[in-house]
Amino acid sequence: MDKLAIVVPCYNEEEVLQLTSKTLQGVLDLLIEKGKIAADSFILFVNDGSKDRTWELIEKEHAQYARVRGLKLAGNVGHQNALTAGLLTAMDMCDVTVSIDADLQDDVNVIEEMVDKFHEGKDIVYGVRSSRKKDSFLKRSTAQGFYRFMSLMGVKTIYNHADFRLMSRRAVEQFSRYEESNLFLRGMVPLIGYETDSVYYERGERAAGESKYPFKKMLALALNGITSFSIKPIGLITALGFLIVIGSVAAAVYALISYFTENVVPGWTSLILSIWFIGGVQLLAIGLVGQYIGKIYMEVKHRPRYNIEKIL
């Protein structure tokens with residue numbers, strides 16, 4: 001039997017953690033009963049520097065249930081790093097992992113289908129949202145726009161897939177070789193290249209608590225994903241600069257012709273607007289290049305992505 005580890009990154013999830021533990025244990029019970037996974041399969045909760053009682057509840061669940069394990073990180077390192085810490089910790093303790101968020105918006109019932117596809121020979125199985133009706137209009141539109149824009153920028157991702165996925169042990173081992181500090185798992189996992197498949201489900205509402213991914217964090221994730229996997233933005237800025245130069249030459253020719261034929265001097269309004277526009281483009285270009293330089297700066301220091309304080 002293959003040993004399954006369900007990895008759950010947690011940040012301030014005290015309101016939903018016990019329900020999540022109960023629900024996921026039910027999934028394990030069902031799969032064990034059907035003979036699809038080993039009896040010593042487990043859940044690994046990763047505490048990402050929570051400020052509430054999340055770790056206390058993880059310890060309580062661990063003391064009560066043998067199949068619940070815990071990983072406490074020394075401080076908040078972000079969702080992607082916390083998930084990576086969980087996957088790499090579980091790697092040597094299981095044959096296959098499933099990663100899922102603690103809010104239970106992803107349908108746990110499709111985990112069985114993921115395991116079935118793993119038994120068919122798939123190393124990576126993506127959980128793909130077939131519907132986001134429960135999301136607000138803003139959340140839904142920005143999320144879908146994010147995937148389309150990532151595709152436009154040349155980043156290989158799975159549309160409407162977040163971080164709900166199954167990975168075989170060898171897939172996690174290959175993932176562990178990607179040592180960059182700027183993590184974007186939705187772009188990194190497709191690079192592994194092993195045989196993949198997808199399962200589809202309707203995204204639900206949070207079981208309790210508030211979303212840990214407000215618009216600001218989603219925007220930061222999108223920017224990190226684009227600048228970590230694509231240099232197209234720099235190419236676009238270069239093209240825009242080229243067009244501005246052509247436009248400037250055309251405007252200069254027009255001004256000279258107007259001056260000698262009609263004795264007309266362009267007004268201050270067009271001049272000031274041009275200066276503001278070009279200045280804005282320059283600041284945008286400098287900021288964009290700064291993003292890439294900043295990533296290089298973070299990478300060359302080779303600092304650890306996370307520090308583990310305690311393992312249950």
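Strands E4 and E6 pair in the antiparallel sense over four bridges. Two strands pair if DSSP finds at least two bridges between them. Helices (H or I, at least four residues) and strands (E, at least two) are DSSP runs, numbered from the N terminus. Within this pairing, Val-98 stands opposite Leu-166 in E6. The structure is a predicted model, in which local features need pLDDT of at least 70, side-chain atom pairs count only at pLDDT 80 or more, and totals for chains, interfaces and linings use all residues. Residues are numbered from 1 along each chain as its sequence is written, and side-chain values use heavy atoms, with hydrogens and water left out.

Eight strands make up an open sheet. Their order is E7-E5-E6-E4-E1-E2-E3-E8, and the pairing is mixed. The edges are E7 and strand E8 (308-311), each of which pairs on one side only. From one strand to the next, the twist averages 20°. Two helices pack on this sheet. H1 touches E1, E2 and E3, and its direction makes about 155° with that of E2. H2 touches E1, E2, E3 and E8, and its direction makes about 150° with that of E3. Contact here means heavy atoms within 4.5 Å. Axes are lines fitted to C-alpha atoms, for helices over the stretch in contact, and angles run from 0 to 180 degrees between N-to-C directions.

The nonpolar cores come next. In soluble globular proteins, nonpolar side chains tend to be buried together. A nonpolar core is a set of buried Ala, Val, Leu, Ile, Met, Phe, Trp, Tyr and Cys residues joined through side-chain atoms within 4.5 Å. Buried means under 20% relative accessible area, exposed over 50%, and partly exposed in between (1.4 Å probe, protein chains only). The largest core holds 32 residues. Leu-4, Val-8 and Ile-111 touch the most other members. Elements that each supply at least two residues include strand E1 (4-10), helix H1 (17-33), strand E2 (42-47), helix H2 (54-64) and strand E6 (161-168). H1 gives the most, with five residues. Beyond its neighbours within four places in sequence, Leu-4 has contacts that include Leu-28, Leu-31, Phe-42, Val-98 and Val-115. Another core, of 28 residues, lies apart from the largest one. Among its members are Ala-5, Leu-44, Ala-82 and Met-188.

Charged pairs were examined next. Side chains of opposite charge can pair when their charged atoms come close. The structure holds 16 salt bridges. A salt bridge is a side-chain nitrogen of Lys or Arg within 4 Å of a carboxyl oxygen of Asp or Glu. One of them joins Lys-3 and Asp-40 (3.6 Å, N to O). Lys-3 lies in the segment before E1 and Asp-40 in the loop between H1 and E2, 37 residues apart. Lys-3 counts as buried at 16% relative accessibility, whereas Asp-40 is partly exposed at 42%.

Asp-29 forms a salt bridge with Arg-67, with the closest N and O atoms 2.3 Å apart. Asp-29 lies in helix H1 and Arg-67 in the loop between H2 and strand E3 (68-73), so the pair ties together parts that are 38 residues apart in sequence. Asp-29 is partly exposed, with a relative accessible area of 39%.

A further salt bridge joins Lys-122 and Glu-195 (2.8 Å, N to O). Lys-122 is in the loop between H4 and strand E5 (124-131). Glu-195 is in the loop between helix H7 (185-188) and E7, 73 residues apart from Lys-122. Lys-122 is buried at 15%, while Glu-195 is partly exposed at 46%. Salt bridges that share partners also join Lys-34, Lys-36, Glu-112 and Asp-116 into one network.

Two histidines complete the account. His-161 sits in strand E6. This residue is buried, with a relative accessible area of 1%. The side chain of His-161 reaches the backbone oxygen of Gly-127 at 3.0 Å. A polar contact of 3.2 Å joins the side chains of His-161 and Arg-165. A polar contact is a pair of N or O atoms within 3.5 Å; within protein, one must be able to donate a hydrogen and the other to accept it, and residues adjacent in sequence count only if both atoms are side-chain atoms. His-62 lies in helix H2 and is partly exposed at 29%. Not counting residues up to four places away in sequence, His-62 touches Val-68, Arg-69 and Leu-312.
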